[in-house]
Amino acid sequence: MIKEGTKIYVGMATCGIAAGARPVYDLFISKLGENNNVKIISTGCFGMCSREVLVDVEIPGKNRVTYEKVKSDMVGRIISEHVENDKPVNEWIFAQMDGAEAYKDIPAYKDLLVFKHQRRRSEERRVGKECRSRWSPYH
């Protein structure tokens, strides 16, 4: 049974499409498109081109999980195990985000070496200053 409010995100930026995201997205639509409990969302860039095709599964109350290098033949298992039964397919997972109940044995993004020493910052702030200095009639 699919929990109401479940979301599946498929990275459909140029790198994702080049890696095969279109057939993956279409397969999710064909298998789950009629189910009102799940939304299948095409997204832009995930920022990790070398790991495309990237698919995120978000089940309400649980952390959002990112699958990497997803191929069409993997979609059925992701649906049957994770989407329908809340048991992620660990061997295909890159990481999980924070914010809700964590899954065991899946690394969090913040704990991955590539992200561990990065600081989060707001692009809004930078863009806001840039816009004020460049485009404001008051500068």
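Residues are numbered from 1 along each chain as its sequence is written, and side-chain values use heavy atoms, with hydrogens and water left out. In this predicted model, local features need pLDDT of at least 70 and side-chain atom pairs count only at pLDDT 80 or more, whereas totals for chains, interfaces and linings use all residues.

The protein contains five helices and five strands, where helices (H or I, at least four residues) and strands (E, at least two) are DSSP runs numbered from the N terminus. Read from the N terminus on, the elements follow the order β-α-α-β-β-β-α-β-α-α. Of the 139 residues in the protein, 37% are buried, a class that means under 20% relative accessible area, with exposed meaning over 50% and partly exposed lying in between (1.4 Å probe, protein chains only). Among the contacts with a separation of 6 or more, 59% come from residues 24 or more positions apart, contact being defined as heavy atoms within 4.5 Å.

Strand E3 (residues 55-58) pairs with strand E1 (residues 6-11) in the antiparallel sense over four bridges, and two strands are said to pair if DSSP finds at least two bridges between them. Within this pairing, Val10 has Val55 of E3 as its bridge partner. Strand E3 is also joined to strand E4 (residues 65-67), again in an antiparallel arrangement, by three bridges, and here Val57 stands opposite Val65 in E4. The hairpin of E3 and E4 has six residues between the strands, and Gly61 in this hairpin takes a positive phi near 85°.

Val57, which lies in strand E3, counts as buried because its relative accessibility is 0%. Leaving aside residues up to four places away in sequence, Val57 touches Lys7, Asn63, Arg64, Val65, Tyr67, Ile78, His82 and Val83.

Helix H2 (residues 21-32) packs against helix H3 (residues 72-83) at an angle of about 45°, with the axes 9 Å apart; axes are lines fitted to C-alpha atoms, for helices over the stretch in contact, and angles run from 0 to 180 degrees between N-to-C directions. The two helices are therefore oblique to each other, since angles under 35 degrees count as roughly parallel, over 145 as roughly antiparallel, 65 to 115 as roughly perpendicular and the rest as oblique. On the H2 side the contact is made by Pro23, Val24, Leu27, Phe28, Lys31 and Leu32, and on the H3 side by Ser72, Val75, Ile78, Ile79 and Val83.

Most residues other than glycine have a negative phi, and most peptide bonds are trans. A cis peptide bond, with omega of about 5°, joins Glu52 and Val53, and Val53 is found in the loop between strand E2 (38-43) and E3. Lys69, which is not a glycine, has a positive phi of about 50°; Lys69 is placed in the loop between E4 and H3 and, at 45% relative accessibility, counts as partly exposed. Asp86 likewise has a positive phi, near 55°, and is found in the loop between H3 and strand E5 (93-96), where its relative accessibility of 26% makes it partly exposed.
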